[in-house]
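Visitor: Please bring up the sequence and the structure, and let us go through them together.

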Amino acid sequence: MSQIVADAGHNKFPKQLLLNKEMEILDALEFRFDHRSAYEEATYRVKAAIFQNEKLKLTQDDMDKLLSFISFLCHLAVHNMFLSANIESKNVAIASIILSLRYLRRSHESFDMALVWDEDEDINMGDDSPALHQIKKMIKYFKGILVVDYNEVQYKKAKNVLLQEYQEYLSEKTGLKNLFKQFPEFLSQESYQLTATSTQMSI
């Protein structure tokens with residue numbers, strides 16, 4: 001800001017006056033303000049939920065995967081014109097959180113289904129592991145606050161657009177090459193299917 005005051009304004013205008021004029025222009029253009037980016041909102045909500053509710057806990061590995069997948073989805077969202085222009089960042093955030101928790105849940109369920117029976121140990125496949133149980137509790141918690149704090153219509157649109165963007169990105173593999181470098185672990189059809197519903201898998 002100081003560079004704008006000095007170079008563009010030649011020190012003729014006070015900083016606050018320039019800020020006020022900027023706000024007037026943005027208001028005239030009906031520019032929408034988001035106090036937090038989708039990623040900032042999502043990570044804040046996840047960390048606040050765990051900090052404020054001692055019954056919600058994730059392993060460090062699951063927390064790392066969750067935040068990484070949220071970051072990946074938020075990167076996808078930034079490149080989508082519809083989400084950027086029509087959906088508030090907080091609704092993109094809650095969609096990213098729930099999709100990322102679904103990804104975590106299904107990755108654990110896939111692992112549990114791959115367990116091999118041991119002749120000397122009776123494994124009850126219906127029982128959740130402690131980590132999977134916590135993930136399901138997190139999903140239930142965020143679906144609960146969705147009703148109270150978020151626009152459910154915008155959330156559903158954001159979720160569907162994110163899944164479509166994800167699938168199109170996988171199939172076309174054009175542009176956004178930086179995401180392939182940053183998140184190679186998520187850029188496979190198998191990863192996509194961990195987030196999609198049975199009907200969305202065929203998109």
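Visitor: Is the crossing of α3 and α7 left-handed or right-handed?

Guide: This is a predicted model, in which local features need pLDDT of at least 70 and side-chain atom pairs count only at pLDDT 80 or more, while totals for chains, interfaces and linings use all residues. Residues are numbered from 1 along each chain as its sequence is written, and side-chain values use heavy atoms, with hydrogens and water left out. Helices are DSSP runs (H or I, at least four residues) numbered from the N terminus, and a crossing is left-handed if the near helix is turned anticlockwise from the far one by less than a right angle, and right-handed if clockwise. For α3 and α7, the crossing is right-handed.

Visitor: Which residues of α3 and α7 make the contact?

Guide: Contact means heavy atoms within 4.5 Å. On the α3 side the contact is made by R45, V46, A49 and I50, and on the α7 side by M138, Y141, F142, I145 and D149.

Visitor: Is K140 buried or exposed?

Guide: K140 has its place in helix α7. Buried means under 20% relative accessible area, exposed over 50%, and partly exposed in between (1.4 Å probe, protein chains only). Because its relative accessible area is 66%, K140 is exposed.

Visitor: Is H108, in helix α6, buried or exposed?

Guide: Helix α6, where H108 sits, spans residues 89–113. Not counting residues up to four places away in sequence, H108 touches D62, S129, A131, L132 and I135. Since its relative accessibility is 18%, H108 counts as buried.

Technical notes
Helix = DSSP H or I, 4+ residues; strand = E, 2+ residues; numbered from the N terminus.
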